[in-house]
Amino acid sequence: MKVFITAALTIDLGKERWECAACGHDLGSARENYKKGLLVRDRAPEEIHAPILDPARYEFTFAPDGDWCRILEYCCPSCGRLAEVEYLPPGHPPAHDIELDIDALKAQWAKREPLAAPVLGPDFVAPPHSHSH
Ligand SMILES: [Zn+2]
């Protein structure tokens, strides 16, 4: 069964593999960082947050300083879908931001039906508990 972890990422619980939610491309072991299976693009932050003030006249322009902040975009190597964006100091390794207990996730989903699309917050209704008393 495939479960949505984010809108862009699923885990195939049977195979214990991260997959692209858009195209199903295998992104690696679900017990490791999903970013290992994605392409990464190191963006200059001023490309994304354009200066508000004239950079020729002002040292600080409200654009993030590229010497202190980089914006990393992670994309599926098969379909190109953007899976994650993170802001890090230059040279910092990719953050391991999602580390799941795969065995607990398997137990949690053992009696659930797979979802066709990701759902969030109050839209998600967990199945009722089966009490054995
Ligand atoms: Zn993909």
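## Nonpolar surface patch

The patch consists of I48, L82, V85 and Y87, which together expose about 330 Å² of accessible area on the surface. Patches are built from residues with over 30% relative accessible area and no salt bridge, nonpolar side chains (Val, Leu, Ile, Met, Phe, Trp, Tyr) being joined within 5 Å and like charges within 9 Å. Areas follow the Shrake-Rupley method with a 1.4 Å probe, and for residues only the protein chains shown count as cover.

V85 belongs to strand β7 and counts as partly exposed because its relative accessibility is 33% (buried means under 20%, exposed over 50%, partly exposed in between; 1.4 Å probe, protein chains only).

## Basis of the model

The model is predicted: local features need pLDDT of at least 70 and side-chain atom pairs pLDDT 80 or more, whereas totals for chains, interfaces and linings use all residues. Residues are numbered from 1 along each chain as its sequence is written, and side-chain values use heavy atoms, with hydrogens and water left out.

## Zinc site

The SG atoms of C20, C23, C76 and C79 coordinate the zinc ion at 2.3 Å. Donors are N, O and S atoms within 2.8 Å of the metal (3.2 Å for Na, K and Ca); water is not among the atoms, so sites may look incomplete. The donor spacing in sequence is C-x2-C-x52-C-x2-C.

The arrangement is tetrahedral because the four donor atoms subtend angles of 105 to 113 degrees (for four donors, all angles must lie between 85 and 135 degrees). C20 is buried at 4% relative accessibility, whereas C23 is partly exposed at 38%.

## Salt bridges

The whole structure holds eleven salt bridges, each defined as a side-chain nitrogen of Lys or Arg within 4 Å of a carboxyl oxygen of Asp or Glu. In one of them, K35 pairs with E86, with the closest N and O atoms 2.7 Å apart. K35 lies in the loop between β4 and β5 and E86 in strand β7, so this pair ties together parts 51 residues apart in sequence. K35 is buried at 6% relative accessibility, and E86 is buried at 8%.

A further salt bridge joins the side chains of R43 and E47 (2.9 Å, N to O). R43 is buried at 13% relative accessible area, whereas E47 is exposed at 51%.

Terms used. Four donors count as tetrahedral if all angles lie between 85 and 135 degrees; four count as square planar and six as octahedral if opposite donors are over 155 degrees apart and all others between 65 and 115; anything else is irregular. Helices (H or I, at least four residues) and strands (E, at least two) are DSSP runs, numbered from the N terminus.
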